[in-house]
Amino acid sequence: MVAVLSAVALPQATVQRKPVRKPIPWVPIVLVTITLLYLALFLFVPLAAVFAEAFKKGAGFYWDAIREPDAWSAIQLTLIAAAIAVPLNLVFGIAAAWAIAKFDFRFKSLLITLIDLPFSVSPVISGLIYVLIFGLQGWLGPWLSEHDIKIIFAVPGIVLATIFVTFPFVARELIPLMQAQGREEEEAAAVLGASGWQTLWYVTLPNVKWGLLYGVILCNARAMGEFGAVSVVSGHIRGATNTLPLHVEILYNEYAFAAAFACASLLAFLALITLAIKSLVEAGQHKEHQK
């Protein structure tokens, strides 16, 4: 018995504990310093330069540049395009995420690939696709011309291009959340007699509400700041088909630098508001998880 106990105790006695390594104090300091320098170089300094140039000629000139008719038309068109694209992408994103996460069907991987397509296709190519389809020499161009329907070089083309480049954002935020949520709660709701709409409204969406808001915020930010696809289909008609990013480019090419930076500061301000809302959403999500 003693021999057995000694045999058991012997390996434990010979085990040597490895010393716990203390974190090197200068590592986090270096990492934080590199991060701050990088942000200062590529974010803070450019933003400060935009606002400094915008107010270079005074607040009076700044407000005049924003209230100028072409600038005001560009602001309105930007808001209209975002106001149409974001709700449509919201509906599509919920439907696509629900189908992918909650149901099994053929070609599911193909659907996911198609949703990711705008991430891999250049926005300029996206605009050219609509020109090929709806342009005067495109597939539907002659028929549209006969019926006096304008899509390219008009507001509908801008809206279509905006929808195309922004539709993955909501879906891509919701798909992993719904997949992690599983199907048990929806199946239980169905057993208890809930309809599909009731299940979606009272079970599925409350569990992904923060991801839904986050996707809408990103979609709206991209819709208001989109340049490449909109530039191809807009025709650059001042006061008619120019969004705010296109109007900034025109002013800059005309050497109206102060007016260009004044309009650009609006986009920067909208971006800052978007970041603030995003931070509030993340804070609300963090508090909910702590409860």
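Trainee: Lys108 is found in helix H5, residues 108-115. What makes a run of residues a helix?

Mentor: A helix is a DSSP run of H or I with at least four residues, numbered from the N terminus. This is a predicted model, in which local features need pLDDT of at least 70 and side-chain atom pairs pLDDT 80 or more, while totals for chains, interfaces and linings use all residues. Residues are numbered from 1 along each chain as its sequence is written, and side-chain values use heavy atoms, without hydrogens and water.

Trainee: What joins the side chains of Lys108 and Asp104?

Mentor: A polar contact of 3.3 Å joins them; the term requires a pair of N or O atoms within 3.5 Å, one able to donate a hydrogen and the other to accept it, and residues adjacent in sequence count only if both atoms are side-chain atoms. The side chain of Lys108 also reaches the backbone oxygen of Phe103, at 2.8 Å.

Trainee: Why are Arg67 and Asp64 said to meet in a salt bridge?

Mentor: Their N to O distance is 3.2 Å, and the term asks for a side-chain nitrogen of Lys or Arg within 4 Å of a carboxyl oxygen of Asp or Glu, so the pair qualifies. Both residues lie in helix H3 (residues 59-67), 3 residues apart, about one turn of the helix.

Trainee: Why is Arg67 called exposed?

Mentor: Arg67 has 59% relative accessibility and therefore counts as exposed (over 50%; buried is under 20% and partly exposed is in between, with a 1.4 Å probe and protein chains only). Asp64, at 47%, is therefore partly exposed.

Trainee: Which parts of the chain does the salt bridge of Lys102 with Glu186 link?

Mentor: The closest N and O atoms of Lys102 and Glu186 are 3.3 Å apart. The pair links distant parts of the chain, with Lys102 in helix H4 (residues 69-102) and Glu186 in helix H11 (residues 184-191), 84 residues apart. Lys102 and Glu186 are both buried.

Trainee: Why is Ile250 called buried?

Mentor: Its relative accessible area is 12%, so Ile250 is buried. Ile250 lies in helix H15 (residues 244-253). Ile250 and Glu173 are 77 residues apart in sequence and 35 Å apart in space, C-alpha to C-alpha.

How values were computed: Helices (H or I, at least four residues) and strands (E, at least two) are DSSP runs, numbered from the N terminus.
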